[in-house]
Amino acid sequence: MTGQDLETLAYLRRARDLMDREYASPLDVAQIARASYMSPAHFSRQFRRAYGETPYAYLMTRRIERAKSLLRRGDMSVTDVCMAVGCTSLGSFSARFTELVGQTPSAYRAGDHKALEAVPACVAKDLTRPSRS
């Protein structure tokens, strides 16, 4: 790797950290690209090349990951969870959730999650991470 490649990866990590930290905030590609000191188009290409998915797909995966955690608690409605993770459209949230998780948010919320209660949060996060495969 050249110095430029390492510098680009550092900037991309900075943007990814922003998405991990601020997933519930209204973020768009232009705003995230600014954090990486790149134009939106260049940032999107470089992000996909480095991480294998678009910035939007990565952000939505983070949001769905957090939504799963909130839904397992069972004390919030699906609409409240949708808004809490930064989504503004319940329909889009439900469609993406179903695509990644394999069931609707309501069905996931109603499921039995007792097996995860005894598992440390960091392990539960890994076990329940949404997957596109």
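These legends walk through close-up views of one predicted model. Residues are numbered from 1 along each chain as its sequence is written, and side-chain values use heavy atoms, leaving out hydrogens and water. Because the model is predicted, local features need pLDDT of at least 70 and side-chain atom pairs count only at pLDDT 80 or more, while totals for chains, interfaces and linings use all residues.

**View 1. The largest nonpolar core has 29 residues.** A nonpolar core is a set of buried Ala, Val, Leu, Ile, Met, Phe, Trp, Tyr and Cys residues joined through side-chain atoms within 4.5 Å; buried means under 20% relative accessible area, exposed over 50%, and partly exposed in between (1.4 Å probe, protein chains only). Among the residues with the most contacts inside this core are Ile 32, Val 81 and Phe 97. The largest share, seven residues, comes from α4.

**View 2. Meet the neighbours of Val 81.** Leaving aside residues up to four places away in sequence, Val 81 touches Ala 67, Leu 70, Leu 71, Met 76 and Phe 93. Contact here means heavy atoms within 4.5 Å.

**View 3. Helix α6 has buried and exposed residues.** Helices (H or I, at least four residues) are DSSP runs, numbered from the N terminus. Phe 93, Arg 96, Phe 97 and Leu 100 are the buried residues of α6. They sit on the same side of α6 because they cover an arc of only 105 degrees around the axis, taken from the directions from the helix axis to the C-beta atoms. On the other side, Gly 91 and Glu 99 are exposed.

**View 4. The buried residues of α6 have helix partners.** They pack against α4, α5 and α7. Just after α6, Gly 102 takes a positive phi of about 95 degrees.

Definitions and conventions:
Helices (H or I, at least four residues) and strands (E, at least two) are DSSP runs, numbered from the N terminus.
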